[in-house]
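Hello,

Here is the structure we talked about. Please open it next to this message and follow along.

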Amino acid sequence: MAKARLILNELKKWKVTHVVGLPDNGSRALYQILNGESGIKVVSVCREGEAFAIASGLYIGGKRPAVLIQNTGFLESGDGLRGTAYNMAIPLVTLIGYRGYNTLGSKREDTAATFLEPTLEAWGIPYYMLHTDDDVKVISAAFEKAQETFMPVAVLITRECT
Amino acid sequence: MLDKKDCLRTIARYRTDEIVITTMGVVRPWAEFSSGDLDFASVGSGMGHAADFGLGLALARPDKKIIVLNGDGSMLMSLGTLATVIDSGARNIIIMVVENGTYEVTGNQPIPGAGAISFTAIARGSGFRKVYELSEMEELERSLPIILKEDGPVFVNLKVSPEDEPPPMRAEKSTALYITRTIAEDAHRLRDTLLK
């Protein structure tokens, strides 16, 4: 598992101005620290598709947003992501909580996990895996990739942040 | 009932330097009155995502006012955005729902709840304090100067008659100038304008 503080440090390093999203159990600690932190504003949405539209508007307005959602919400938000961040060529990093990662390959596999990576691949969205503290550097790699390609890029957080 | 074109013409007449975001059946009629650097068509975008895109702009640029000319069907697709707007604290966004009760661009099929739904009640229930329902031109003429100057967020329900506008498409030869480029080109063009 990764420490929320380390993830926050990465977001700060990239001068993220807004985190747009919807909390889940895995991101609870990260939201807690974000809400208590000055400098990065949290924009709470009712449904995840909104997050991509709002983040796109923020970027077009000159800010540097990131999205923080769970895979269930990511799967819900397909058209929002396609129509805004993707079609508008927004270099947007999205942190996605990978609910059910540990169930992959098991009898009780969580389909929120089953369909996540195939969906990202089908949509041509590059992604990086973040399992532990040692992996937080992938957040920087994601920002670099997003800036280089003007595309949404995902970071999949496979365990609860602490 | 308002005539859609008269209604848009009047808004364009009172509008000064606000960013205007249009979608669906409003896109092409709006271009007859304005198609400049601060007009953005949510065409080729996510369905029902004009208002939340506008919210992002509003949060990024509190010094600018954002007018979203949304459709009723589009608003229904993301009603939660009204709550999100309130929660965000944005004060510089005016959401106008152009309500004709139908999905006009796909052949005027009735929207769910047509004739029964109250967008103003939903807006008030979401926390909007400045809420207008306008169905006569005199009311629109009288209210617009106030609406545009008011501290927001503001919600305006414009009751218009259904027409037969076809789906807006981005095309190089479109007569609506602000949809002659790709949505990415227009989005980044708007960004360049705002960052000047």
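What percentage of the 196 residues of chain B count as buried? The value is 48%. Please keep in mind that this is a predicted model.

First, the overall form of chain B. Chain B has eight helices and eight strands. Its C-alpha atoms fill a box of roughly 40 × 35 × 30 Å along the principal axes. A compact globule with 196 residues would have a radius of gyration near 16 Å, and the 15 Å of chain B agrees with that. If we take the contacts in chain B between residues at least 6 apart in sequence, 76% of them join residues at least 24 apart.

Next, where the chains meet. On chain B, 29 residues are in contact with 26 residues of chain A. Helices H3 (50-60), H5 (80-88) and H8 (183-195) of chain B each supply at least two residues of the side that touches chain A. By class, that side of chain B has 13 nonpolar, 12 polar and four charged residues.

Last, a sheet in chain A. Strands of a sheet pair through backbone hydrogen bonds, either parallel or antiparallel. In chain A, six strands form an open sheet in the order S2-S1-S3-S4-S6-S5, with parallel pairing. Strand S2 (41-44) and strand S5 (127-130) of chain A each have a single partner strand, so one side of each is left without a neighbour in the sheet. On average, neighbouring strands of this sheet are turned by 20° against each other, direction ignored.

Regards

Technical notes: Residues numbered from 1 in each chain as written. Chains lettered and ligands numbered in written order. Predicted model: local features only at pLDDT ≥ 70, side-chain atom pairs only at ≥ 80, totals over all residues. Contact = placed C-beta atoms within 7 Å. Helix = DSSP H or I, 4+ residues; strand = E, 2+ residues; numbered from the N terminus. Nonpolar A, V, L, I, M, F, W, Y, C, P; charged D, E, K, R; others polar. Pairing = 2+ DSSP bridges. Axes fitted to C-alpha atoms, helices over the stretch in contact; angles between N-to-C directions. Rg over C-alpha atoms; globule rule 2.2 N^0.38 Å. Buried ≥ 20, exposed ≤ 12 C-beta atoms within 10 Å, placed from the backbone.
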